[in-house]
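Here is a brief report on selected residues and their surroundings. Please read it alongside the model.

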Amino acid sequence: MIDLKLLREEPDAVRRSQLSRGEDPALVDALLSADTARRQAISAADSLRAEQKAASKNVGKASPQERPALLQLAKDLAEQVKAAEAEQAAAEAAFTAAHMAISNVIIDGVPAGGEDDYAVLDVVGEPPALAEPKDHLELGESLGLIDMQRGAKVSGSRFYFLTGRGALLQLGLLQLALKVAVENGFIPMIPPVLVRPEVMAGTGFLGAHADEVYRLEADDLYLVGTSEVPLAGYHSGEILDLADGPLRYAGWSSCFRREAGSYGKDTRGIIRVHQFDKVEGFVYCRPEEAEAEHQRLLGWQREMLAQIEVPYRVIDVAAGDLGSSAARKFDCEAWVPTQATYRELTSTSNCTTFQARRLATRYRDANGKPQTAATLNGTLGTTRWLVSILENHQQPDGSVRVPAALVPFVGTEILEPAG
């Protein structure tokens with residue numbers, strides 16, 4: 001949820017953010033009205049409760065002649081309090097709904113517009129010169145790394161097996177990501193992949209993209225699409241000690257996405273699948289530290305991409321392509337030779353205080369007063385990276401060179417076709 005102080009003091013800033021995202025600025029006025037109505041309802045109920053309390057005290061002091069009238073007054077006030085509390089509850093519910101409807105306020109400098117309006121911040125490396133590149137699935141099948149056919153047989157479309165050195169390649173990649181994270185002060189975590197509705201909603205994943213989330217209705221639990229979700233819920237309702245700096249976690253988990261509405265788009269291979277593994281960095285910090293921490297997360301992502309030796313670019317994602325929780329997001333997109341374009345490998349989002357406010361995660365300031373924390377997240381390694389590794393490191397004979405950093409995990413420098 002957005003900061004109400006900002007809403008009340010700078011409503012135009014929130015309206016501009018909504019417009020940049022391509023969302024309705026009228027929601028700002030709706031929230032302002034709901035905020036006013038809620039405060040008025042609280043004040044009215046408080047006044048009536050005070051009157052009722054005073055009347056009840058007077059009954060005990062009254063003479064026998066005065067008591068019947070005062071008892072009636074107390075009874076009438078009790079009814080009025082009951083009605084006022086009902087109005088307060090309705091006003092609170094309307095306010096919460098209006099508050100939840102507004103996405104995070106973007107940070108100054110975020111490009112306005114939609115998916116194609118990003119700004120390129122950096123380009124690293126040169127795409128390899130490949131006369132007739134094979135795609136990652138053809139390579140993966142010929143090298144005995146990926147089995148989509150049996151994945152579909154067992155689980156349906158967009159499921160797969162990673163086999164042999166394909167499994168070792170992914171496990172090595174994720175172990176490398178965890179190693180980089182731990183060396184930079186992250187606490188490694190293996191979180192649950194099923195979460196309660198309030199945690200999923202608190203991170204902002206039950207809004208416009210709720211149809212991407214798998215739900216187990218019988219248990220009222222959700223399968224996570226990223227370990228950002230359980231890590232955000234880890235400290236919900238707590239007051240953190242951030243006196244020594246940001247608190248960083250690295251979560252290794254399987255992730256699940258329905259990929260609703262993506263029929264016919266990237267259905268070949270493992271670019272867009274229903275299940276994958278990922279190491280996700282997650283940070284709690286003071287709001288004033290968040291932008292610097294965002295740059296650090298991007299730096300660690302770039303360190304990982306250097307380890308797998310692929311050409312990539314960094315983009316500043318446009319406002320209309322941000323999730324509701326993100327105030328700014330940087331993506332690192334690696335070159336995919338068979339598509340002759342860059343495709344997302346990492347994202348890192350600065351969610352400012354938006355998620356922590358929903359999940360009641362706070363810290364104590366220098367005066368000991370609780371304040372809302374800021375949260376950030378960023379990919380440090382995931383299954384999709386195999387696409388770029390296989391395609392960029394393929395050799396003319398159909399083999400694939402293993403990046404030097406992954407050789408100890410895979411056990412070979414070259415992946416060669418079976419037989």
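## Selected residues

His 274 counts as buried because its relative accessibility is 11%. Buried means under 20% relative accessible area, exposed means over 50%, and partly exposed is in between (1.4 Å probe, protein chains only). This is a predicted model: local features need pLDDT of at least 70, side-chain atom pairs count only at pLDDT 80 or more, and totals for chains, interfaces and linings use all residues. Residues are numbered from 1 along each chain as its sequence is written, and side-chain values use heavy atoms, with hydrogens and water left out.

His 274 sits in the loop between strand E9 (247-256) and strand E10 (275-285). Helices (H or I, at least four residues) and strands (E, at least two) are DSSP runs, numbered from the N terminus. A polar atom of the His 274 side chain lies 2.9 Å from the backbone oxygen of Arg 257. Not counting residues up to four places away in sequence, His 274 touches residues including Ser 157, Phe 159, Tyr 214 and Cys 255. Contact means heavy atoms within 4.5 Å.

The "binding site" annotation comes from an unreviewed UniProt entry; among the residues it covers are Arg 257, His 274, Glu 344 and Leu 345. Of the annotated residues, Glu 344 and Leu 345 are included in the lining of the largest cavity. A cavity is a set of points on a 1 Å grid over the protein atoms alone where a 1.4 Å probe fits but cannot get out; lining residues have an atom within 4 Å of a point. UniProt annotations may be inferred rather than shown by experiment.

Leu 345 lies in strand E13 (residues 341-350). Its contacts, not counting residues up to four places away in sequence, include Leu 305, Ile 308, Cys 332, Arg 384 and Trp 385.

Ser 227 belongs to the loop between strand E7 (221-223) and helix H9 (228-234). A polar atom of the Ser 227 side chain is 3.2 Å from the backbone oxygen of Gly 251. Ser 227 touches Pro 191, Gly 251, Ser 253, Cys 255 and Glu 280, not counting residues up to four places away in sequence.

Ala 101 is in the loop between helix H4 (67-100) and strand E1 (119-124). Ala 101 and Ala 54 are 47 residues apart in sequence and 40 Å apart in space, C-alpha to C-alpha.

Burial for three of these residues:

| Residue | Relative accessibility | Class |
|---|---|---|
| Leu 345 | 6% | buried |
| Ser 227 | 1% | buried |
| Ala 101 | 39% | partly exposed |

Conventions:
On a 1 Å grid over the protein atoms alone, a cavity is a set of points where a 1.4 Å probe fits but cannot get out, and a pocket is an open set with protein on both sides within 12 Å along at least five of seven lines; lining residues have an atom within 4 Å of a point. A polar contact is a pair of N or O atoms within 3.5 Å; within protein, one must be able to donate a hydrogen and the other to accept it, and residues adjacent in sequence count only if both atoms are side-chain atoms.
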